[in-house]
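Let's take a look at how two chains can sit against each other. Here is the model to explore.

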Amino acid sequence: MSIAVCVFITWCTIVALALIPKKLTSLEMVFLFFVCTIFELSVFNIFNLNLQWMMVSKNVEKSLADLVMRLICIPVALLMASNFILYSSKFLKWGLTAAMVLLGVLMQKTIEWLGILSTPNWNIGYTALLFCSYIVFTGLMTIFITRLKQAEGQLA
Amino acid sequence: MIVYDTRFNANEWFVIVGLCVGVVLTVVFPKRFSRQVAAVFFMCGVYSGFFFDHSLSVEPVSFYDVNDVSKFQMMDFISYWMYGAVSYFFFYIYDRLQPKASYIPLYILVWSLACMGAEWIAVLCGVYHYSHGYKFIYCFPIYLLVQSAWMALYYTFKRKGFV
């Protein structure tokens, strides 16, 4: 059950990414997918392995479902956020970015409800803060990779 | 938590030296790619390291631990950045040689064997600690798979005019 739900959520996220108007090239999106995954996995590992504030289930199906969320769903959602950040309309930019934080919180609640993740020393505020930090990092990396091209253009 | 070692010794030196040599070579070698493409090619290796280490070395069956303890340490994070130079030079040398398409499997095989050699030294230095029946040789198909994916990525970028 848990793996099916997680794969469905992940596929819906991929569908959403495919449908939204994109402001980044495929090269920039590949870079952002890589760095978002690295950042998200590192932060999650600190909370999971070191602090033990979030515990992943030892059941094989549930731990696989967690991997699907960590390795595909969340980075793809962050890729969507990085495109939203570049929208020219301020209403769309901030509205959609806030919606991504809300969706991240709902995603986390869903995986807790499915028994994939147990959070003994955690509350919903921390989850919101965690997703805000992911989006801030994504924003910074978006600026970095787009400026890299601009800087090269100026040098040429 | 499993503790393998508590001193600053061979595994830490392997990571630091490996990272420094890789970064220096990446910077010193003449440029072949735009900055964006070079950044993506470098991150390919770092991402692959994270991807496999965080899928194979996590519960319920953690097949291996990295460095001194089973927890996530700063040195673990740094060690993944060593793979960046590997992927960068994988693309760099391929782009420089421009071999025929029929030589791609051979190119990937040579790189996979070279990576196995580097991993063997890393195991001797105590960077990797295998468990639950996992063996060094199991990394070989993973390298072949990862580098085949890199090659697919290279040709995708080439088709789109980025390379």
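Start with the polar side of the meeting between chain A and chain B: in this predicted model, four residue pairs are in polar contact across the interface, both residues at pLDDT 80 or more.

Helix 2 of chain A gives the largest share, 16 residues. Sorted by class, the side of chain A that touches chain B holds 17 nonpolar, eight polar and four charged residues.

Now zoom out to the whole contact. Chain A puts in 29 residues and chain B puts in 25 residues. Between them, the two chains bury about 2,600 Å², and 75% of that is on carbon and sulfur atoms. On the chain A side, A:L27, A:F34 and A:I38 lose the most area to chain B, together 26% of what that side buries.

There's also something from a database record. An unreviewed UniProt entry lists residues 28–47, 67–85, 91–111 and 123–145 of chain A under "transmembrane region". Here is how two of those stretches look in the model:

| Span in chain A | Helix | Strand | Distance between end C-alpha atoms |
|---|---|---|---|
| Residues 91–111 | 100% helix | 0% strand | 30 Å |
| Residues 123–145 | 96% helix | 0% strand | 33 Å |

Definitions and conventions
Residues are numbered from 1 along each chain as its sequence is written. Chains are lettered from A and ligands numbered from 1 in the order in which they are written. This is a predicted model: local features need pLDDT of at least 70, side-chain atom pairs count only at pLDDT 80 or more; totals for chains, interfaces and linings use all residues. Side-chain values use heavy atoms; hydrogens and water are left out. Contact means heavy atoms within 4.5 Å. Buried area is the accessible area (1.4 Å probe) that two parts lose on being put together, summed over both. A polar contact is a pair of N or O atoms within 3.5 Å; within protein, one must be able to donate a hydrogen and the other to accept it, and residues adjacent in sequence count only if both atoms are side-chain atoms. Helices (H or I, at least four residues) and strands (E, at least two) are DSSP runs, numbered from the N terminus. Ala, Val, Leu, Ile, Met, Phe, Trp, Tyr, Cys and Pro count as nonpolar, Asp, Glu, Lys and Arg as charged, and the others, Gly among them, as polar. UniProt positions are given in the numbering used here, feature names are shortened, and annotations may be inferred rather than shown by experiment.
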